[in-house]
Amino acid sequence: MKGLKFILAGILFGIVMSKSEAISWFRIQEMFRFQAFHMYGIIGTAVVLGAIATYLIKKYNMKDYQGNPIIFTPKEMSFPRYIIGGIIFGLGWALTGACPGPMAVNLGYGYWAIAVAIVGAIAGTYIYGVIKDKLPH
Amino acid sequence: MENILEFLSQPWPWYTSGILIAFVMVLLLFFGKSFGFSSNLRVICAACGAGKHTKFFDFDWRSQTWNLLFVVGAILGGWISSEFLTNGDAVQISQATIQDLQQLGISAPDSLQPDEIFSLEALFSVKGFLIMLIGGLMIGFGSRYAGGCTSGHAISGLSNLQLPSLIAVIGFFIGGLIMTHLLLPFIL
């Protein structure tokens, strides 16, 4: 089954995120209060290793498992959309203590309350899609 | 085997998490995909037929099925953790955070999440329901507006040294700090 590898990658992600407590509302509060290194350590390690991997993939023109070149699409440069969108996202992140990945993991963990946040996130995405052209990008 | 399970059931240190998150990101690149969770929210809207009326959702969402499978995996991973890999310990957050939160009426952790927000009892109160719903709305709206969330911008984007991602992550923190320090005292 072609899709199995994505499910397995997701399982690994879900276990890692819950076992390192990155899905915990408490940990997100601790991060935004600068009271522990934990979350900064997680994100920092991931970014440093991710940057090294990205550099090597580009430098050696590495291919994916089907032999196609691995392509990185640069993000379109602009300011308003990233800062305004980012701030709105951050407000929600600190309130629920979960971003989209951890939302899914929390649901699996058995914290059913997060289902309401997931429905909210789908609705929020829909609202964005409807009023997108009226917003500054 | 039992020893291994016992070992894995302790909380994992931050560096194991950082290493494995980077590994998952690289794994998806070698699968010919990219690591980003919030795009699934757009895919779900499209799969529900939002593309009939709204151009933003009119795209070939079936090509993104792999990402939905990744989400299914993440849900399963959370379930495996709670079912087989937990010793039921409370989150070991700093004493300073425990004290700050107690002043807001959140008791010290006895599991992964605060009962005051994540219990079903809290969910069925008006305040608890609105916290989840409005928080979710802002996450969905904000991540699509900014073109990504923590995985797409903070991990994938920063790894690729993208300035837009850095701006977005700064935005995430401005929003998070405003919520934590200015708004939460009034909400909780």
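**A helical two-chain model**

Helices here are DSSP runs of H or I with at least four residues, strands are runs of E with at least two, and both are numbered from the N terminus. This is a predicted model, so local features need pLDDT of at least 70 and side-chain atom pairs count only at pLDDT 80 or more, while totals for chains, interfaces and linings use all residues. Residues are numbered from 1 along each chain as its sequence is written, and chains are lettered from A and ligands numbered from 1 in the order in which they are written.

Residues 12-32 of chain B come out at 81% helix and 0% strand, with 29 Å between the end C-alpha atoms.

Taken as a whole, chain B has ten helices and zero strands. Its C-alpha trace spans about 50 × 45 × 35 Å along the principal axes. Of the 188 residues in chain B, 47% are buried; a residue is buried if 20 or more other C-beta atoms (placed from the backbone) lie within 10 Å of its own, exposed if 12 or fewer, and partly exposed in between. Chain A has six helices and, again, zero strands. The C-alpha trace of chain A spans about 40 × 40 × 35 Å along its principal axes, and buried residues make up 56% of its 137 residues.

Contacts within each chain come next; two residues are in contact if their C-beta atoms, placed from the backbone, lie within 7 Å. In chain B, 49% of the contacts with a separation of 6 or more involve residues 24 or more positions apart. For chain A, 44% of the contacts between residues at least 6 apart in sequence join residues at least 24 apart.

Then there is the meeting of the two chains: 108 residues of chain B are in contact with 102 residues of chain A. The chain B side of this contact has 74 nonpolar, 31 polar and three charged residues. For these classes, Ala, Val, Leu, Ile, Met, Phe, Trp, Tyr, Cys and Pro count as nonpolar, Asp, Glu, Lys and Arg as charged, and the others, Gly among them, as polar.

With helix α9 of chain B (residues 150-159), α3(A) packs at an angle of about 35°, and the axes are 7 Å apart. Axes are lines fitted to C-alpha atoms, for helices over the stretch in contact, and angles run from 0 to 180 degrees between N-to-C directions. The α3(A) and α9(B) crossing is right-handed, meaning that the near helix is turned clockwise from the far one by less than a right angle, with anticlockwise being left-handed. Residues making this contact include Ala46(A) and Gly50(A) from α3(A), and Ile155(B) and Ser159(B) from α9(B). By class, the contact residues of α3(A) with α9(B) are seven nonpolar, three polar and no charged.

The axes of α3(A) and α2(B) come within 7 Å and cross at roughly 35°, and this crossing is right-handed too. Among the residues that meet here are Ala46(A), Gly50(A), Ile21(B) and Met25(B). The contact of α3(A) with α2(B) has 13 nonpolar, seven polar and no charged residues.

Met25(B) turns up again in the largest nonpolar core, which has 93 residues; Ile114(A), Ile21(B) and Met25(B) touch the most other members. A nonpolar core is a set of buried Ala, Val, Leu, Ile, Met, Phe, Trp, Tyr and Cys residues joined through C-beta atoms within 7 Å. Beyond its neighbours within four places in sequence, Met25(B) is in contact with Gly50(A), Phe35(B), Ile155(B), Ser156(B) and Ser159(B).

Glu21(A), in the loop between α1 (4-19) and α2 (25-32), has a positive phi near 65° without being a glycine. Glu21(A) counts as buried because 25 C-beta neighbours lie inside 10 Å. Asn61(A), also not a glycine, has a positive phi of about 45°, and counts as exposed because it has 8 C-beta neighbours inside 10 Å.
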